[in-house]
Amino acid sequence: LEFRRVLFRSEKTRQFWMSYTDVVVRYASLSERLGVDMFSLGSETANLFRTRTGTKGYVNHFEPQLHTLVDSVRQVYSGLVTMNQHFLVLTDPAQNSGGIGQDLFADLNLDVMAFSSYFKLSDVPPTRVLSVAELSSSWENVFERYLEPLHEKYPDLPIVFTEMGYTDDLASPASPNNNVRMPIPAAARGVDGVTDGMRQQQNIFEAFFQVNRRHNDLVRGVFVFGFEVPAPRQCAQVEMMLSCKPALETLGRIYSEQ
């Protein structure tokens, strides 16, 4: 009976990776035709995309299947290939893929190390707008504890943030999606229509790019979450979206200076 269970699991695993590879290759082929510069094999699936044996429940790995996936994509796609890891792979590695997620990029000979960047910038929810200097100190801690050591370990692999976002909420430094989709009270808006949460959001991005510049643009590219065209109701809500928030002007200025 146990032998049959093992065979069943093995067959299910084989079917999964075959179907996953088929879907990814289809999108990679489309990306090649459209001239997309960088293609991600997946997003925030560190517990699945593991190439080594980890701790706790991660006693197996899928390195052969992942190599097949990468090879299949490169047969139809000529751009940069990466895989978007969650930032917790850096900050809490033992709880994410058993502590081996950071090695995925080198193990699979990927071109870029990509992460969703929702780092906590405060241990407690702030009750006031933090200054750019205060938030810069928090970003410095992220660079020094996580990004610089990663760069030193894999100096030939550039780092990009394939997602980065914080809501326009006072507490977002402690919880990046805090109060998302909640209505913005009219009383919270100042005479210029800007809330303290919007200022917080602005300062977070200002601080990040200042710190990144001091680290010689260690993060080589950033996709800021929330550039979609907003529905009218979204402009009256707390959102990661920037399209009708002052942070959009901040990012516009920053990118124009690059």
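This is a predicted model: local features need pLDDT of at least 70, side-chain atom pairs count only at pLDDT 80 or more; totals for chains, interfaces and linings use all residues.

Our part will be Leu147 and its surroundings. Leu147 is found in helix H5. Because its relative accessibility is 0%, Leu147 counts as buried. What does Leu147 touch, if we leave aside its neighbours within four places in sequence? Its contacts are Leu90, Val142, Ile159, Phe161, Leu218 and Val219. Take Leu90 from that list: 57 residues separate Leu147 and Leu90 in sequence, yet their C-alpha atoms are 8.4 Å apart in space.

Now compare that with Met164. Along the chain Met164 and Leu147 are 17 residues apart, and their C-alpha atoms are separated by 15 Å. Met164 lies in strand S4. With 0% relative accessibility, Met164 counts as buried. Not counting residues up to four places away in sequence, Met164 touches Ser117, Tyr118, Trp139, Phe205, Phe208, Val222, Phe223, Val224 and Phe225.

By the ring-pair rule, the protein has 18 aromatic pairs. One of them is Phe119 with Tyr146: the pair is stacked, with 6.2 Å from centre to centre and 20 degrees between the planes. This pair links distant parts of the chain, since Tyr146 sits in helix H5 while Phe119 is in the loop between strand S3 (113-117) and helix H5 (132-153), 27 residues apart. Phe119 and Tyr146 are both buried. The rings of Trp139 and Phe208 have centres 5.0 Å apart and planes at 65 degrees, so this pair is edge-to-face. Trp139 belongs to helix H5 and Phe208 to helix H6, so the pair ties together parts that are 69 residues apart in sequence. Trp139 counts as buried because its relative accessibility is 0%. Phe208 is buried too, with a relative accessible area of 0%. A single aromatic cluster takes in Phe87, Phe119, Trp139, Phe143, Tyr146, Phe161, Tyr166, Phe208, Phe209 and Tyr255.

Let's follow the chain on from strand S4. Thr167 lies in the loop between strand S4 (159-164) and helix H6 (196-214). Is Thr167 buried or exposed? At 0% relative accessibility, Thr167 counts as buried. A polar atom of the Thr167 side chain lies 2.9 Å from the backbone oxygen of Asn178. Apart from its neighbours within four places in sequence, Thr167 is in contact with Ser172, Pro176, Asn177, Asn178, Val180, Gly197, Gln201, Val238, Glu239 and Met240.

That loop between S4 and H6 is also the place of Asn179. Here a backbone angle, phi, deserves a look. Most residues other than glycine have a negative phi. Asn179 has a positive phi of about 60 degrees, although it is not a glycine. Asn179 is partly exposed, with a relative accessible area of 40%. Asn109 also has a positive value, with phi near 55 degrees. Asn109 lies in the loop between helix H4 (104-107) and S3. Since its relative accessible area is 55%, Asn109 counts as exposed.

Finally, let's step back to the whole protein. How many helices and strands does the secondary structure come to? There are seven helices and five strands, and along the sequence they follow the pattern α-β-α-β-α-α-β-α-β-α-β-α. The C-alpha trace spans about 70 × 40 × 40 Å along its principal axes. Of the 258 residues, 47% count as buried, and Leu147 is one that counts as buried. Among contacts between residues at least 6 apart in sequence, 76% join residues at least 24 apart. As for charges, the mean positions of the 24 positive and 30 negative ones are 8 Å apart.

Note on methods
Residues are numbered from 1 along each chain as its sequence is written. Side-chain values use heavy atoms; hydrogens and water are left out. Helices (H or I, at least four residues) and strands (E, at least two) are DSSP runs, numbered from the N terminus. Buried means under 20% relative accessible area, exposed over 50%, partly exposed in between (1.4 Å probe, protein chains only). A polar contact is a pair of N or O atoms within 3.5 Å; within protein, one must be able to donate a hydrogen and the other to accept it, and residues adjacent in sequence count only if both atoms are side-chain atoms. Contact means heavy atoms within 4.5 Å. Lys and Arg count as positive and Asp and Glu as negative; His and the chain ends are not counted. The place of a charge is taken as NZ of Lys, CZ of Arg, CG of Asp or CD of Glu. Rings of Phe, Tyr and Trp (its six-membered ring) pair if their centres lie within 6.5 Å; planes under 30 degrees apart count as stacked, over 60 as edge-to-face and the rest as tilted.
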